[in-house]
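Good morning, colleagues. Please turn to the entry on the screen; I shall speak about helix packing and then about a ligand shell.

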Amino acid sequence: SEILLQIQDLSVEFSGYRGIAKVLDRVSLSLRAGEIFGVVGETGCGKSVMAKSVLRLIPEPPGRITSGRILLRGEDILQADNRRLRTIRGNLVSMIFQEPMSSLNPVFTVGNQMREVLQLHRPLDRHAAETTCIDLLRRVQLPDAASILAKYPHELSGGMRQRVMIAMALSCDPDLLIADEPTTALDVTVQGQVLAILTRLTKEQGVTVLFITHDMGVVAQTCNRVAVMYAGHVVEVAEVTSLFAAPRHPYTKGLMACIPTIDEDRETLASIAGTVPELIAPPPGCRFIARCPHAKAVCNERPGLFSVGPDHFVACHLYRSDRRQEEST
Ligand code: SF4
Ligand code: MG
């Protein structure tokens with residue numbers, strides 16, 4: 001199907017007092033129109049930096065995009081001027097974050113903020129904007145819309161705030177929604193409800209979603225395809241069913257072994273020995289080398305993405321006998 005977003009050879013560095021960290025190193029991904037594409041990995045793997053790069057939200061300095069292209073329907077977002085960037089951010093790509101309090105203004109009511117966002121994009125009078133807000137809140141299953149519009153953000157629960165954010169993000173009818181850990185701050189039950197709403201609405205509206213998470217369970221519930229990231233590299237890309245049926249990369253296998261049960265800490269990946277490498281002086285080849293039980297001399301060269309099945313690619317030398325094929329769809 002049609003490709004909506006292509007990230008090609010994206011590299012991002014951050015300079016700090018200890019040196020320059022290569023946070024993303026020639027990362028490439030393609031999102032097909034209408035799919036929910038997950039990017040999963042531990043804190044610091046570069047997934048949020050990648051998501052923010054798409055909207056040019058990397059603070060420069062200390063950040064710097066050193067290579068690559070980010071093509072939205074063929075247009076390179078990295079080349080857009082400020083005026084075009086405003087259009088892209090307002091009409092084509094929306095983003096929701098882990099903590100909606102940081103995107104909602106605490107001193108204005110929910111209604112004020114929703115109307116303002118709507119009226120930026122559509123020529124609506126106050127009454128029409130109000131009606132549209134109520135409709136949007138119903139769609140995210142907040143039926144008591146009138147009372148919610150009169151409230152300040154801190155008067156809502158975390159789950160309600162995140163629903164308001166989803167409603168606002170979808171109100172401009174974007175082509176692409178970037179969701180960065182949108183339910184991580186919520187308890188498991190509320191998380192499930194919010195994910196169900198997000199999945200249903202994006203399917204209904206035909207919105208493509210780039211879904212960032214550290215949680216394989218959330219990937220399984222939500223995504224069509226997924227990229228696994230480790231230390232600034234994409235190590236595996238697959239359909240979710242295929243990844244869960246047969247994960248190939250040693251790191252992915254470790255992640256799968258660590259899917260926590262409901263009462264365990266969802267952030268620990270204790271069964272993978274070792275630690276993530278320093279991104280200031282990363283290993284030259286596979287960045288998983290120090291933790292990998294299969295590491296060989298050849299792993300000092302960066303592996304390409306090898307095809308291991310329909311729509312399933314892995315960046316690991318164990319699979320180099322499989323036909324080499326860059327991921328392009
Ligand atoms: Fe292990 Fe080598 Fe594969 Fe990296 S490329 S995961 S070190 S076998
Ligand atoms: Mg993050």
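I begin with the conventions and then take the helices and the ligand in turn.

This is a predicted model, in which local features need pLDDT of at least 70, side-chain atom pairs count only at pLDDT 80 or more, and totals for chains, interfaces and linings use all residues. Residues are numbered from 1 along each chain as its sequence is written, while chains are lettered from A and ligands numbered from 1 in the order in which they are written.

Helices here are DSSP runs of H or I with at least four residues, numbered from the N terminus. Axes are lines fitted to C-alpha atoms over the stretch in contact, with angles from 0 to 180 degrees between N-to-C directions.

At what angle do helix H3 and helix H4 cross? The axes of H3 (residues 110–121) and H4 (residues 126–139) cross at roughly 110 degrees and come within 9 Å. The two helices are therefore roughly perpendicular, a term covering 65 to 115 degrees. In this contact (C-beta atoms, placed from the backbone, within 7 Å), H3 contributes Gly 111, Met 114, Arg 115, Leu 118 and Gln 119, and H4 contributes Ala 129, Glu 130, Thr 132 and Cys 133.

H3 also packs against H6 (residues 158–171), at about 15 degrees with the axes 9 Å apart. That makes H3 and H6 roughly parallel, the term for angles under 35 degrees. Here Val 110, Met 114, Val 117 and Leu 118 of H3 meet Val 164, Met 168 and Ser 171 of H6.

Finally, ligand 1 is surrounded by 13 residues (C-beta atom, placed from the backbone, within 6 Å), the closest being Cys 286, Cys 292, Ala 295, Cys 299 and Cys 316.

Key: Angles under 35 degrees count as roughly parallel, over 145 as roughly antiparallel, 65 to 115 as roughly perpendicular and the rest as oblique. Two residues are in contact if their C-beta atoms, placed from the backbone, lie within 7 Å.
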